[in-house]
Amino acid sequence: MRDAAPVSTPPRLLPPNDPRQYDDLAGEWWCPDGAFAMLHWLARARAALVPPASRPGALLVDLGCGAGLLAPHLVGKGYWHVGLDLTRSALVQAAAHGVTVVNADATAVPLADGCADVVSAGELLEHVPDWRRAVAEACRLLRPGGLLVLDTLNDTTLARLVAVEIGERLPTVPRGIHDPRLFVDARELVTECARHGVELRLRGIRPELPGTVGWLLRRMRGGSARRPVGTDAGREPRMVPSRSTAVLYQGRGLRGG
């Protein structure tokens, strides 16, 4: 008698931008060629905006920290790295990478006013139902002279086309990870930050093309899909400046004193 074929469990059908997707994808965080590959590239680019700490005990608050992908790029910069996220399975991994973790919502952060030297909000605002509240919290946390760094998707037709209609059909991007109704208008973001005392300067960013094409070809062949984190990092695409903020953009700004 033949053994019955194993029954595979289909993935859950969840609404776009449902946080439970991150639990389903928990094993992907630290696979540089996995579902969150581009978050590794963005974390490196965001960390490049963060200078070394200017004082002992400087605090960096990482809103929407996920599994702590920013942590390796902050080594040696002198910050106490506190990461906040809603997804407990991600925070377990962040803690294993040296992050002091807080399970909370980015629109209601349980930390004191003016406590942070740096606030990072990477790939967060386009996932938050009320991005203005998240911005208000990020600015509230900054001490005078503190630095806000972020990256997000613009609320444009082109961004919806590139990030959702095309991006989520690539073999590396989870379907339904974005809700384009939550994308953040760049001009409105600058205005909102200014309301809270932060003069935000923006620039467009994108993955560099030759490296991205090579990476996609390798990924589609499956030869490097599960290489250990930190190996062969030179083969990963880098984020480079773009003339346009119409799709993906990066922000950096100081809180006034």
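Guide: A residue is called buried when its relative accessible area is under 20%, exposed when over 50%, and partly exposed in between. The model shown here is predicted, and buried residues make up 50% of its 257 residues.

Visitor: How many helices and strands does the protein have?

Guide: The protein has seven helices and eight strands.

Visitor: In what order do the strands of the sheet lie?

Guide: Strands of a sheet pair through backbone hydrogen bonds, and the pairing may be parallel or antiparallel. In this protein, eight strands form an open sheet with mixed pairing, in the order S3-S2-S1-S4-S5-S8-S6-S7. Strand S3 (100-103) and strand S7 (239-242) stand at the edges with a single partner strand each, so one side of each has no neighbour in the sheet. On average, neighbouring strands are turned by 25 degrees against each other, direction ignored.

Visitor: How many bridges join strand S6 to S7?

Guide: Four bridges join S6 (residues 198-207) to S7, and the two run antiparallel. Glycine 204 stands opposite serine 242 in S7.

Visitor: Which strands does helix H3 lie across?

Guide: Helix H3 (residues 88-96) lies across strand S2 (80-85) and S3, and runs at about 170 degrees to S3.

Visitor: Is aspartate 117 buried or exposed?

Guide: Aspartate 117 counts as buried because its relative accessibility is 5%, whereas arginine 55 is partly exposed at 37%.

Visitor: Which residues are linked with Arg132 in a network of salt bridges?

Guide: Arg132 is linked with Glu188, Glu192 and Arg195. Glutamate 192 belongs to helix H6 (residues 186-195) and arginine 132 to helix H4 (residues 131-141), 60 residues apart. Glutamate 192 is buried at 9% relative accessibility, while arginine 132 is partly exposed at 35%.

Visitor: Which residues make the nonpolar surface patch of about 320 Å²?

Guide: The patch is made by Leu158, Leu161, Val162 and Ile166. Leucine 161 is found in helix H5 (residues 157-166) and is partly exposed, with a relative accessible area of 40%.

Definitions and conventions:
Residues are numbered from 1 along each chain as its sequence is written. This is a predicted model: local features need pLDDT of at least 70, side-chain atom pairs count only at pLDDT 80 or more; totals for chains, interfaces and linings use all residues. Side-chain values use heavy atoms; hydrogens and water are left out. Patches are made of residues with over 30% relative accessible area and no salt bridge: like charges are joined within 9 Å, nonpolar side chains (Val, Leu, Ile, Met, Phe, Trp, Tyr) within 5 Å. Accessible areas come from the Shrake-Rupley method with a 1.4 Å probe; for residues, only the protein chains shown count as cover. A salt bridge is a side-chain nitrogen of Lys or Arg within 4 Å of a carboxyl oxygen of Asp or Glu. Buried means under 20% relative accessible area, exposed over 50%, partly exposed in between (1.4 Å probe, protein chains only). Two strands pair if DSSP finds at least two bridges between them. Axes are lines fitted to C-alpha atoms, for helices over the stretch in contact, and angles run from 0 to 180 degrees between N-to-C directions. Contact means heavy atoms within 4.5 Å.
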